[in-house]
Amino acid sequence: MLDIKFIRENVDIVKDAIKNKNEKADLDKILIMDKKKRKLQFNYDNLRAEQNKVSKEIPELKKAKKDTSELISEMGIISKNIKKISNELSEISSELNSELLKIPNIPYPDVPIGKSEDDNKFIKEWGEKKEFSFKPLDHLELNENLHYLDFKRAAKISGSGFSAYVGNGAILERALINFMLDFHIQKHGYKEISLPVIVNRKSMIGTGQLPKLEEDMYLVEQDDFFLVPTAEVSITNFYADEILPYTILPQKFVSYSPCFRREAGSYGKDTKGLQRIHQFNKVEMVRFVQPEYSYETLEEMLMDAEEILQALGLHYRVLNLSTADLSFAAAKTYDIEIWAPGSKKYFEVSSISNFESFQARRASIRFRDVDDKVKYVHTLNGSGVATPRTFIALIENYQNKDGSINIPECLRSYLKGFKEQRILV
RNA sequence: GGAGAGGUGACCGAGCUGGUUGAAGGUGCGCGCCUGCUAAGCGUGUGUGGGGGUUAAACUUCACCGAGGGUUCGAAUCCCUCCCUCUCCGCCA
């Protein structure tokens, strides 16, 4: 959510943001409603002031044994008037509020303006595409030998777009999760946290998934609960409606959680195997920082995620998302894509974003600064990283001609129950 | 699912026979003083959000005692609905 004052004073900037992000918010309507609301507020305040004043006089007059019946009946009229205006006011307030929730965050100045994902800007890469002396297989072909995954039976249990990790596949995935968690905790100083993955509507609005993306979320209708599409929702709302002392900032949390996405409208697009599934596991980093540090924090978090991939020895590239790809709530986002030689393409495994005060405003996460002023924190989050596509790249990059795979050094200590495959030194 | 208790400021906690209570008292925190360290003591200050106003302040006004309605000239205080927390019982991992 943007500050209404900011919107009033920067109409063009907000309009550009709406246009460049392809949103539909009606800014002119909002400005009219805002004006109307303030006018009502003014009338309401004045009437209330009158009412408060007289209400204080009445007991004194009564004490002095004076007749108040006429005054009281006069106030009855004012009271009715106040009620009427108050109703109008709350109606327009909630209307205005729900419109404000549809205004996206403003892109940061160095975010490229674009029309499609092709306009994302290449920032850097690490490593290089691995060369093979044989034709590398993709993860599904490899799976015919490895039997790490079982999509048929997953579909039997739940439907299409669900996965099952079996035996060593399950062990390998768990190793990835544990490795990433420990890495962030020990090397980067994150605090681990484990939160509900079923959340209320308020939380989903707080981080900006709602109202825009309701169709993409799993809803538990009976209780109006949602399954989180990312741990970001739970972690960011951890501090909702609080005023934090500045001394506890910055806060760095890391959490592993399943993520649930309906992926409505994306059927048939990049859905092969583990590429796009309705439920997957992810290690997520979230930070709460003072505003002046949020952009250096973004760079730090990018490094945090990069180091995971470096440790895994996976070639990747980093993109600065253009306005076309930038999410509703983000001001700036880096995507990290890793190379999968069998599939012959890059897979997005991490999005690292600065939301500035956008989420903080929605979820009301504030802090008392050194100067004693109450301010909104800046929130950031990034995958560190998602497991399915990392799993794809891992087995495709480390495959041998005989269909077996090697295991990178950093995962070895996590693979005690893992037999039969070769270990890479 | 059944029974009960409760939700007040950064925190604890009064008020809840309706009207100087935006809210006592305490803790914490800020500032000043005092005490040669540590600790203690004394004084003083310390809510959030909106509107009006100002170059900015000052100033002024309204709202907010879980949320939303209602009663009333007037509600933290009375009534209704909902949400949440805690305790006990039941059920179950």
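This is a predicted model: local features need pLDDT of at least 70, side-chain atom pairs count only at pLDDT 80 or more; totals for chains, interfaces and linings use all residues.
Chain A has 425 residues, and 50% of them count as buried. Among contacts with a separation of 6 or more, 74% join residues 24 or more positions apart.

**Stop 1: H2 and H3**

Select residues 11–20, helix H2, together with residues 27–63, helix H3. Two packed helices are described by the angle between their axes and the distance between the axes. Here the angle is about 140° and the axes are 11 Å apart. H2 is therefore oblique to H3, since the class of roughly antiparallel begins over 145 degrees.

Show side chains at the contact. H2 contributes Val11, Val14, Lys15 and Ile18, while H3 contributes Leu27, Asp28 and Leu31. By type, the residues of this contact are five nonpolar, no polar and two charged.

Stay on H2 and pick out Val14, Ala17, Ile18 and Asn20, which are buried. An α-helix has 3.6 residues a turn, so residues three or four places apart point the same way. The cover over the buried residues of H2 includes H3 and also helix H1, residues 4–9. After H2 comes Asn22, with a positive phi near 65°.

**Stop 2: along H3**

Next select Gln51, in helix H3. Is Gln51 buried or exposed? Its relative accessibility is 13%, so Gln51 counts as buried. Leaving aside residues up to four places away in sequence, Gln51 touches Met75, Ser79 and Ile82.

Ala49 is also placed in helix H3. With a relative accessible area of 44%, Ala49 is partly exposed. Draw a distance from the C-alpha atom of Ala49 to that of Ile123: the separation is 58 Å, for residues 74 apart along the chain.

**Stop 3: H5 and H12**

Select helix H5, residues 139–146, and H12, which spans residues 387–397. How are the axes of H5 and H12 arranged? They cross at an angle of about 70° and lie 10 Å apart. That angle makes H5 roughly perpendicular to H12, because the class runs from 65 to 115 degrees.

The contact uses His139, Leu142 and Leu146 on the H5 side, and Ile392, Ile395 and Glu396 on the H12 side. These residues divide into four nonpolar, one polar and one charged.

**Stop 4: aromatic pairs**

A search of the whole structure gives 14 aromatic pairs. Begin with Tyr165 and Phe391, whose ring centres are 5.2 Å apart. Their planes stand at 75°, so the pair is edge-to-face, as angles over 60 degrees are classed that way. Tyr165 sits in the loop between helix H6 (151–157) and helix H7 (168–188), and Phe391 belongs to helix H12, so that the pair links distant parts of the chain, 226 residues apart. Tyr165 is buried at 19% relative accessible area, just inside a limit of under 20%. Phe391 is buried as well, at 0%.

Move to Phe179 and Tyr414. This aromatic pair is edge-to-face, with 6.4 Å centre to centre and 70° between the planes. Phe179 is in helix H7, whereas Tyr414 is in the loop between strand S15 (406–407) and strand S16 (422–423). The two residues are 235 apart, and the pair links distant parts of the chain. Is Phe179 buried or exposed? Phe179 is buried, with a relative accessible area of 4%. Tyr414, at 24%, is partly exposed.

**Stop 5: charges over rings**

Which residue lies over the face of Tyr190? Select Lys252, at 5.0 Å from the centre of that ring. End at Tyr346, where Arg317 lies over the ring face at 3.9 Å from the ring centre.

Conventions
Residues are numbered from 1 along each chain as its sequence is written. Chains are lettered from A and ligands numbered from 1 in the order in which they are written. Side-chain values use heavy atoms; hydrogens and water are left out. Axes are lines fitted to C-alpha atoms, for helices over the stretch in contact, and angles run from 0 to 180 degrees between N-to-C directions. Helices (H or I, at least four residues) and strands (E, at least two) are DSSP runs, numbered from the N terminus. Angles under 35 degrees count as roughly parallel, over 145 as roughly antiparallel, 65 to 115 as roughly perpendicular and the rest as oblique. Contact means heavy atoms within 4.5 Å. Ala, Val, Leu, Ile, Met, Phe, Trp, Tyr, Cys and Pro count as nonpolar, Asp, Glu, Lys and Arg as charged, and the others, Gly among them, as polar. Rings of Phe, Tyr and Trp (its six-membered ring) pair if their centres lie within 6.5 Å; planes under 30 degrees apart count as stacked, over 60 as edge-to-face and the rest as tilted. Buried means under 20% relative accessible area, exposed over 50%, partly exposed in between (1.4 Å probe, protein chains only). A charge sits over a ring if NZ of Lys or CZ of Arg is within 6 Å of the ring centre and within 35 degrees of the ring normal.
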